Amino acid sequence: MLKPGRPADEESRIVTLRSLNLLDTDRDERFDRLTRLALHVFEVSVALVSLVDENRQWFKSCQGANLSETDRDVSFCGHAILGDDAFVIQDTHQDPRFADNPLVVGEPYIRFYAGYPIRYLDGSKLGTLCLLDSRPRHFNRRERLILEDLAKIVEHEIQAVQLATVDELTEIPNRRGFFASANQALSLCRRQNLQVSLVFLDLNHFKPINDRFGHAEGDKALRSFASMLTQVCRQTDIAARIGGDEFALLLPNASRSDVAKILNRFAAMVEQANREQPLDYKIAYSHGVVHFDPDKHQQLDDLLAEGDQLMYLRKHKSRKQQSGR
C-alpha cells in the first residue's frame, strides 16, 4: 500500500481548513443534497464530501455508508488532493498502490474510486467530492467533467457557509460562527473535564469615534481591535465579533493564570497601538471574565450573559472613576 504524500502547502492548508470551522460539525442539507445527487447521477454505492485533516479524513457528508472518518494514511482522498484534476482508480485490485489497502480488502471494499479536489479561495485543497463503489468501472471524460462541476458547487457552498458565519468587516467569526465553534469546544471541555473561560469585551467610547472621525475610522478601529484579539489567541482559542462593538473570546483548556497572561498581553498590545495611533483618540475597552462552572453554566448563553454583566459593571465603575464621583 502506498501512503499519500503531503501537499507542498500542507501547513498553511491545515490552518485554512481548521479556520473554516467545518470539521466535526453537524450534517448540513446543502452538502447532503449534493452527495445524494452524485449517488444518483453516477449510480455508485457511496458518495462523500471529504475534508483531509492532519491525520484523518473526515466526512462532512456521506451517502451510502455509515462512515464519519478514516485514517489519512489509508485514504484515497489524501492522494486526490495532491493533483489538480479528477483522481480516478477504475479497479483497485489492479493497482499496486491500493490493492492491499485496508479499505479495499475490508469494509467498505472499495473497488472503484473517483475524487475531485475541493479548493478554498486561497487555493488550498480542503478535501474532495468523491465516489466509491464495490465494483470496478470505467469513468469517461464526460463523467469526470460532471464530477468537477459538482465539486465546484461544493466549493461555493463552503464559501456560502463562511459568509454566513464570518464577520465581513473584521474577518473573524460573527455571532453565528462563534456559537457554532464555541459550543463544540465547550462540549469537548465538559467531556474531558478541562478548564475553559469566556471573555466578553466591549469597546469604550466607540460612538464618539464614529461621530468625530467618521464611520470609516470607526471601522478601522474595529478591525484593529479584532486583529489584536486574534494575535493573542492560541491555536485553540476562538475570537469573534458578536455585536456592533462587542467581542467574545473563548479560551478552552486554559487555567486562570493562562487567561490572565493572555489578557495582559492583549492590554499591552492595545496600549502600544494607542501610542502609535496618529489620531486624537485611543482604543479603550471593558471586559468581563467568566470561568466555566458546570454546576452554574448549562450552556454558552449562560457564559455570555454573565460575561456581559461583569463587563458592564467594570465599565460603569470606570466611568464613575473618570467622572470623579
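**View 1. Side chains of E1.** Val-46, Leu-48, Ser-50 and Val-52 point one way from E1, while Ala-47, Val-49 and Leu-51 point the other way, and all are buried (under 20% relative accessible area with a 1.4 Å probe, protein chains only). In a regular strand, side chains alternate between the two faces of the sheet. Strand E1 covers residues 46-52, and seven of its seven residues are buried; strands are DSSP runs of E with at least two residues, and helices are runs of H or I with at least four, numbered from the N terminus.

The model is predicted: local features need pLDDT of at least 70, side-chain atom pairs count only at pLDDT 80 or more, and totals for chains, interfaces and linings use all residues. Residues are numbered from 1 along each chain as its sequence is written, and side-chain values use heavy atoms, with hydrogens and water left out.

**View 2. Strand partners of E1.** E1 runs antiparallel to strand E6 (residues 125-133), joined by six bridges; pairing requires at least two DSSP bridges. Leu-51 stands opposite Gly-127 in E6. E1 also pairs with E2 in the antiparallel sense over six bridges, with Phe-59 of E2 as the bridge partner of Ser-50. A hairpin of three residues joins E1 to E2.

**View 3. Lining of the largest pocket.** H6 (175-192) is among the elements that each supply at least two lining residues, and H6 gives the most, with nine. Strand E2 (56-63) also supplies at least two.

Notes
Buried < 20%, exposed > 50% of the residue type's maximum accessible area, 1.4 Å probe, protein only.
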